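Visitor: Hi! Could you walk me through this one?
Guide: Happy to, here it comes.

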Amino acid sequence: MKTMNTANKYPAVFLDRDGVVNKEVGYITSIEQVEIYDFAIEAINMFHNAGWKVIIITNQSAVARGMLTEAKLYEIHKYFMDCLNVDDIFYCPHYPPIDEEIYPYNIYCNCRKPAPGMIIEAAKKHNIDLKKSYLVGERGSDILTGKNAQVSTVLVKTGYGSDWLDNKIKPDYVFENLKEFALFLFT
Ligand SMILES: [Zn+2]
């Protein structure tokens with residue numbers, strides 16, 4: 001009989017992409033628009049060296065909006081994987097069927113943040129203990145995603161996080177940027 005041994009599960013940090021790992025510039029549809037923060041590279045190395053899983057989770061409705069193909073998105077995410085010590089990138093290409101209809105992307109799904117689908121899928125694939133894990137984001141929808149997945153939540157003030165004023169959704173922690181959070185955990 002197999003039993004679940006939670007002691008062997010990994011802690012993880014789930015990272016929003018734009019505004020947390022790289023500069024927020026609106027819809028990214030080419031590698032040329034990707035400007036990865038130096039402090040994110042350093043922070044991610046700290047998590048990696050501590051034995052944590054590092055997973056990017058990102059809404060990519062640009063696919064459903066017809067601005068970006070999944071093949072092109074794969075190319076962009078390969079660039080992120082080449083530059084950063086991350087274990088995986090999960091993305092949601094969907095958008096609810098409101099305006100345009102681009103098959104098969106205009107659907108109600110379980111992966112578009114703030115739904116917890118990407119975190120739950122990543123936890124299964126990478127043997128992650130959600131009780132020991134954190135989500136880091138810069139918007140209310142990110143923080144809500146973390147709460148929906150029952151992980152601890154961290155707001156960083158980079159990207160749109162700098163606009164965070166009296167939002168009704170309260171993160172568990174607030175830091176200037178991803179590296180400040182890594183320093184808090186590991187020093
Ligand atoms: Zn989705």
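**Helix α2 and the cores**

Guide: Strands β2 (53-59) and β3 (88-92) are part of what covers the buried residues of α2. Covering here rests on contact, meaning heavy atoms within 4.5 Å, and buried means under 20% relative accessible area, exposed over 50%, partly exposed in between (1.4 Å probe, protein chains only). Helices (H or I, at least four residues) and strands (E, at least two) are DSSP runs, numbered from the N terminus.

Visitor: What kind of model is it?
Guide: The model is predicted, with local features needing pLDDT of at least 70 and side-chain atom pairs pLDDT 80 or more, while totals for chains, interfaces and linings use all residues. Residues are numbered from 1 along each chain, and side-chain values use heavy atoms, without hydrogens and water.

Visitor: Which residues of α2 are buried?
Guide: L73, I76, H77 and F80. They lie on the same side of α2, because their arc around the axis is only 95°, taken from the directions from the helix axis to the C-beta atoms.

Visitor: And which are exposed on the other side?
Guide: A71, Y74 and D82.

Visitor: New topic: which residues touch the most other members of the largest nonpolar core?
Guide: L15, V21, F80, V136, L178 and F181, out of 36 residues. Such a core is a set of buried Ala, Val, Leu, Ile, Met, Phe, Trp, Tyr and Cys residues joined through side-chain atoms within 4.5 Å.

Visitor: Which element gives the most to it?
Guide: α1 does, with 5 residues. Apart from this core lies another, of 17 residues, including F90 and C111.
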